Amino acid sequence: MSDPTNQELKELILNLEKQIEKQILSLDKKIDTNFLELKAEIQWVEDSLGSEIKLAEEKLGGEIKRIDTRLDGIDKRLGNEEFVSRSAFVAIVVAMLGGLTKYLFFTPNL
């Protein structure tokens with residue numbers, strides 16, 4: 001085998017560059033097509049999930065409104081019970097003070 005000349009080396013390098021460019025172009029095309037397919041798939045998933053998410057939000061919104069009305073009702077009932085409890089406590093304290101006052105200041109006549 002003889003040593004390749006400069007001209008042959010240049011031709012080999014040019015051929016390799018052309019082959020590399022072809023492969024790069026084919027890879028670019030594959031990447032572009034795969035990217036477009038992936039983008040379409042993502043869009044489809046977003047569309048399908050978006051409608052499901054909207055339905056779930058609507059259902060949850062109704063449930064939250066129902067819970068709010070229940071909490072309002074419970075809050076009113078608790079307010080009434082608090083008033084009754086406070087009134088009963090005040091009545092007990094007043095009765096005890098009245099009993100203490102009667103015991104200390106009003107002695108029976110013997």
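A: The model discussed here is predicted. Along the principal axes, the C-alpha atoms fill a box of roughly 150 × 35 × 15 Å. Of the 110 residues, 0% count as buried.

Within this setting, the structure holds two salt bridges. One of them joins Arg-66 to Glu-63, with the closest N and O atoms 2.9 Å apart. Both residues belong to helix 1, which covers residues 6-105; they are three residues apart there, so about one helical turn separates them. Arg-66 is partly exposed, at a relative accessible area of 46%, and Glu-63 is partly exposed as well, at 37%.

The side chains of Glu-82 and Arg-86 also meet in a salt bridge, with an N to O distance of 3.0 Å. These two residues are four residues apart in helix 1, and therefore about one helical turn lies between Glu-82 and Arg-86. Glu-82 has a relative accessible area of 48% and is partly exposed; Arg-86, at 46% relative accessibility, counts as partly exposed.

As to charge over the chain, there are 15 positive and 20 negative charges, and their mean positions are 11 Å apart.

Definitions and conventions. Residues are numbered from 1 along each chain as its sequence is written. This is a predicted model: local features need pLDDT of at least 70, side-chain atom pairs count only at pLDDT 80 or more; totals for chains, interfaces and linings use all residues. Side-chain values use heavy atoms; hydrogens and water are left out. A salt bridge is a side-chain nitrogen of Lys or Arg within 4 Å of a carboxyl oxygen of Asp or Glu. Buried means under 20% relative accessible area, exposed over 50%, partly exposed in between (1.4 Å probe, protein chains only). Lys and Arg count as positive and Asp and Glu as negative; His and the chain ends are not counted. The place of a charge is taken as NZ of Lys, CZ of Arg, CG of Asp or CD of Glu.
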